[in-house]
Amino acid sequence: MGVGITGFLILLALILLFRFPIGFALILVGFAGIAVLTSLETALGMLGHQVLANAASYDMAMVAMFVFMGELAGTMGMSERAFASAYRLLGRVRGGLAIASIAACGAFAAVCGSSPATAATIGGIAIPEMKKYGYKDDFICGTVAAGGLLGILIPPSMGFILFGLLTEQSIAKLYVAGILPGLLLMGFFVLVCFLVARSGGGAERSATPVLTGAREKLASVTGLTDILVVFLLVIGGLTLGFFSPTEAGAAGVLGIVVVAMVRRVFTWKRLWVAMLRATATTGMIVIIFIGAMLFTNFLAASMLPFSLSEFFANLSVSPLLVMAGILLLWIVLGCAMDSIAMIMLTVPVLYPIVAALGLDPIWFAVLGVMSIEAGLITPPDGMNLYIVARIAKVPLHVVFRGVIPFILAVVVAMVLVLLFPQIALVLPKLL
């Protein structure tokens, strides 16, 4: 157990203090730990096995397909059409552009599993529009940074894929479990936008709606039909058993290509750009996953997860209190770590504790994704904050100030899901 704790502390030091790439840090510590506990030959054999097993696995093919689907949706203009529809429907309301940005983020999240990608894609469209209509910089940046969080919670979600692979849970059930919490969080974000705008902290003046009549507004919703078609194809086919997770990702890619051809926005250049971006992201995830599996084997050999799970199982405290402590740990780590790194680093240690306490693994994953979301907009290292600051060309402290009410909204949503697990579990139980 002592070797496991030492290895974990070394890993944290490499990542947080020396800014070592997470994947290579996991590989280095995992390899060295296995060599210390067993032998160099065992460590070399395990490293070679993990490289071959993960690089050529169907699990990584599933990751690649969903990453490609998200990149393709961005390059084929789905985000622009989603924002245009939301803008036409909500433009007249005070703070309507901010609410439209949240709605567009939620819609785009239905075809993109990445929070930073959602924030960057919608931010590039929404930020100039909100600036044009006199919205204050902190409100603009807070809205887009927070709206991007929906990309990791509303399915399809890369966070749920990684949780499913690490805990051996159904990807379909995890996807379905994220729908109601995602809608709940989006509703809280809309409420924050409305309240901030009403208090005078948002827009200097309202945007003029493009469409005003009921028939025109109904027609404007057609900009969301592309996303709805792809979402129903992927999530519907997955939950009804027509597709495996890997096939669902491939079906989503095909659906986006067909929609783009129908819309006459498909070009080979856009396809090539999406492929390059998806390849780079998938390569990074594969390296991290290889390291995570090697590090997990090292932890298992050190007996650390089993000792911790036994310790917490014997504590005379409520399992709900233990879960609250885990969420607090995730939020604190999110201030300094990337979301994928957090999942890969902590889930192998924390999941045995959750299993020993008899807590629902689907509920655990939903709360985990929500708390990791909070880290993406929590200073000093929340990734969405830096992305939005770069797009809006404002100092970081402006973004920090703007996300404060949205962080509170995330915390409230997490507390509700913590106290009322059925918010996350009611839909998976229908499968």
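Is Glu-129 buried or exposed, or does its relative accessibility put it in between? A few notes on this one.

1. This is a predicted model, so local features need pLDDT of at least 70 and side-chain atom pairs pLDDT 80 or more, while totals for chains, interfaces and linings use all residues. Numbering runs from 1 along each chain as its sequence is written, and side-chain values use heavy atoms, with hydrogens and water left out.

2. Back to Glu-129: at 22% relative accessibility, this residue counts as partly exposed (buried is under 20% relative accessible area, exposed over 50%, partly exposed in between, with a 1.4 Å probe and protein chains only). Glu-129 forms a salt bridge with Lys-132, closest N and O atoms 3.4 Å apart (the term means a side-chain nitrogen of Lys or Arg within 4 Å of a carboxyl oxygen of Asp or Glu). Both sit in helix α7, residues 115–132, 3 residues apart (helices are DSSP runs of H or I, at least four residues, numbered from the N terminus).

3. The whole structure has 5 salt bridges. Another of them pairs Asp-138 with Arg-401 at 3.3 Å, N to O. Asp-138 is in helix α8 and Arg-401 in helix α22, so this pair ties together parts 263 residues apart in sequence. Asp-138 counts as buried at 19%, whereas Arg-401 is partly exposed at 45%.

4. Asp-226 and Arg-263 also meet in a salt bridge, 3.0 Å from N to O. They link helix α14 to helix α15, 37 residues apart. Asp-226 is buried, with 6% relative accessibility, and Arg-263 is partly exposed at 35%. Shared partners join Arg-81, Asp-226 and Arg-263 into one network.

Note on methods: Helices (H or I, at least four residues) and strands (E, at least two) are DSSP runs, numbered from the N terminus.
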